[in-house]
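These are my notebook entries on one structure. I set down what I looked up, in the order in which I looked.

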Amino acid sequence: MNGRESNFDYLQGEPKFEHICRVAMAAERVFREDYASCIVGCRRALECAVRWIYSVDSSLAQPWDDNLASLMGEPSF
């Protein structure tokens, strides 16, 4: 973060959040220089987070399609 703290520092060192943290921090790093890349990175981080939620919460019904809109639109979500 160019010497600055990340909004996701608190997730570092938590193995279960490693992938989400890495993707979110990558989006955060390019925020001021490349908004389009940041937007894509934020979407990727959201997808990672939603998929992680489904992987740990057995009460959620897996929709027929696993795209982000279907996952987030699932009534049990």
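I take helices as DSSP runs of H or I with at least four residues, and strands as E runs of at least two, numbered from the N terminus. I am working on a predicted model, in which local features need pLDDT of at least 70 and side-chain atom pairs count only at pLDDT 80 or more, while totals for chains, interfaces and linings use all residues. Residues are numbered from 1 along each chain as its sequence is written, and side-chain values use heavy atoms, with hydrogens and water left out.

I started from A24, which lies in helix α1 (residues 18–29) and counts as buried because its relative accessibility is 7%; buried means under 20% relative accessible area, exposed over 50%, and partly exposed in between, with a 1.4 Å probe and protein chains only. Leaving aside neighbours within four places in sequence, I found A24 in contact with F8 and A45, where contact means heavy atoms within 4.5 Å. A24 belongs to the largest nonpolar core, which has nine residues, including L11, F17, A45 and C48; such a core is a set of buried Ala, Val, Leu, Ile, Met, Phe, Trp, Tyr and Cys residues joined through side-chain atoms within 4.5 Å. Two or more residues of this core come from each of α1 and α2 (35–56), and α1 gives the largest share, five residues.

A salt bridge here is a side-chain nitrogen of Lys or Arg within 4 Å of a carboxyl oxygen of Asp or Glu, and my search of the whole structure found three. E18 and R22 form one of them at 3.4 Å, N to O; they are separated by about one helical turn, because they stand four residues apart in helix α1. E47 and R43 form another at 2.8 Å, N to O, and both lie in helix α2, four residues apart. R51 and D66 meet at 3.6 Å, N to O, and this pair links distant parts of the chain, with R51 in helix α2 and D66 in the loop between α2 and α3, 15 residues apart.

Which side chain of opposite charge is nearest to E74? I found R51, 13 Å away, and E74 is buried yet has no salt bridge; Lys and Arg count as positive and Asp and Glu as negative, with His and the chain ends not counted. E74 sits in the segment after α3 (68–73), and, neighbours within four places in sequence aside, it is in contact with Y54, A61 and P63.
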